[in-house]
Amino acid sequence: MLDNWLPFLIYAIFALIIPASMMWFSFVFATRAHKRTRWRELPFESGVSTGPPRVQRFTVSFYLTAMLFIVFDIEIVFLYPLAVILHQLAWFGFLEFLFFIAILVVAYVYVWRKGALDWQ
Amino acid sequence: MREPWWISLIKAGVIVNLIMLAFAYTTWLERKLLGRMQNRFGPNRAGPYGLLQPFADLIKLVRKESFFPVAARHPLYIAAPIISMFTALAAFAVIPFGAGWQIWHYHVNGEIANVSIALILIFALGSIGVYGAIIGGWASQSKFSLLGSMRTCAQLVSYEVSLALSVLGVVLMGQSLNLVDIVNKQGATIWFFIPQLAGLLVFFFAMIAETSRPPFDLPEADTELVAGYHTEYGGMRWGLFQTAEYINLITLSALAVTLFFAGWHGPYAPLGPLWFLLKVFIFVSVFIWIRASVPRLRYDQLMRFGWKILLPVATINAVVTALLVVWIS
C-alpha cells in the first residue's frame, strides 16, 4: 500500500522544482536598476506611502468565518469515511448519518439566527 | 498494478511539463476568447494567432527588475508563491487520465499515483494552498496586502466547505475515495452528473470561488481594489501566484471531469486521454465564458451565497443520495 506513494513523492519533487526554479530565474535574469533609492521600495497605494501596518487587528467577521469553517470542515471529514461504507452499514448507518446531520442542523440554524452568516 | 520507479519518474516529468504547457495555453485561450467575446482580436502579434504570446509573457516576467518592499520578511516572502504553486501542481498527481497501457512488457498506469485517499489528498493540498495567500500577504508587510490576504482566506475557506460537501454524494455512489475506482464505477454504471446534478452545480460554483475566478474574483477585483494579497509582488514572483491560480483551475476542472463526467471514458476507449483532455478543455472554456458574461459579486453577497445557499443545498443533496444508496443496496 505504501508503494503507491512513491510515484506521488517523485511527482511532488518535480512539482517543487518547477516553482523553485522559476523563482530562481526571477533573480538570475532580472534587469538591474541603474539607481536604487529607498523610496522605490516602500509599499504605497495611490501615491501615499503607508509603510508596514502597525496594529494588526481585524474585523471580527474574519475570525467568525474561520471558526465556522473549522466546525463544518471537521464535520465533512467525519462524513467521508461513513460515506465510503454506507452501503454496507445500510439502515443503521443511514440513521447515524441522519442523527449526525440533525445535530449539525441545530447548530447551523442557531448560527443563522444569530446572524453569524451575514457579512458585516 | 505496480510500475517500475523509472517509469514513474519519466511520467512525472512529462505530466508536470504538460500541465505547465496547458497552463500557458490556458492564458492564451482566455485572452483570445475574451477578446472575441468583447469584439476585439486578443493577442495576435507574437507568432501566428498570437500563439507565442505565453512565451513572450514568460520572458517579460522573468526579465522584470527584482524588487522587494523594504519591510518584507524575505524567506517567507519568497516561499509564499512557491507554496501556492507547489500545492496547485501536486494536486494533479492523483487524477486518472487514462486506462493504463501495456508498453512492451511494462505496465504504465493511467494516473501518476493511485492512492486510496486521493480525494482527501486533493482537498488537503487545496487547504495548504491557502497558506500561500496568507503568508504572501503577511510577509509583504503592507496594509493592503494583509487585508487582501484576509479577504482571500475568508473566501477560500468558506467555499471549501461547500466544495468538500458537494462531492459527498459522489463518494456515496462511488463507494470509494480513490479517483480511479470512482472513474471505473462511472464507466460501469452511469456518469455521475446525471444523478448528482445538484452536487455538480454546487461543486461548479464552489470551484469558481476556490480558483477566485470571476464572478467570485474578490481576492483580486482588479477594477475595484488593489490586487489583494499579491499587491507587493512583481515579475515572476507575481507570475507564480498567477500560475498557481490557473493550474488550480485546470486541476479542479480535471477533478470535476473525473468525479462527474467519468474522466477518460468516452465512445472509443483507446482514445482515453483525448476524451479527458476534451472534457477539461470544455470546462475551462465555460469558465472563460462565465468570466466574460457575469459581473462581480459584492463581498457580503459572496459570503451569503456560500453559507446560506450552497451549504444547505450540498447537505440536502448528500442526505437524499445517502437515502437512495441505502434504499437500493
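1. Seven residue pairs are in polar contact between chain B and chain A, both residues at pLDDT 80 or more. A polar contact is a pair of N or O atoms within 3.5 Å; within protein, one must be able to donate a hydrogen and the other to accept it, and residues adjacent in sequence count only if both atoms are side-chain atoms. On the side of chain B that touches chain A, α11(B) has the largest share, 16 residues.

2. This is a predicted model, in which local features need pLDDT of at least 70 and side-chain atom pairs count only at pLDDT 80 or more, while totals for chains, interfaces and linings use all residues. Residues are numbered from 1 along each chain as its sequence is written, chains are lettered from A, and side-chain values use heavy atoms, without hydrogens and water.

3. One salt bridge (a side-chain nitrogen of Lys or Arg within 4 Å of a carboxyl oxygen of Asp or Glu) is found across the interface of chain B and chain A. The side chains of A:Asp118 and B:Lys308 form a salt bridge at 2.8 Å, N to O.

4. Contact (heavy atoms within 4.5 Å) links 87 residues of chain B with 64 residues of chain A. B:Trp307, B:Lys308 and B:Val326 supply 10% of the area that chain B buries against chain A, more than any other three residues. Buried area is the accessible area (1.4 Å probe) that two parts lose on being put together, summed over both.

Terms used: Helix = DSSP H or I, 4+ residues; strand = E, 2+ residues; numbered from the N terminus.
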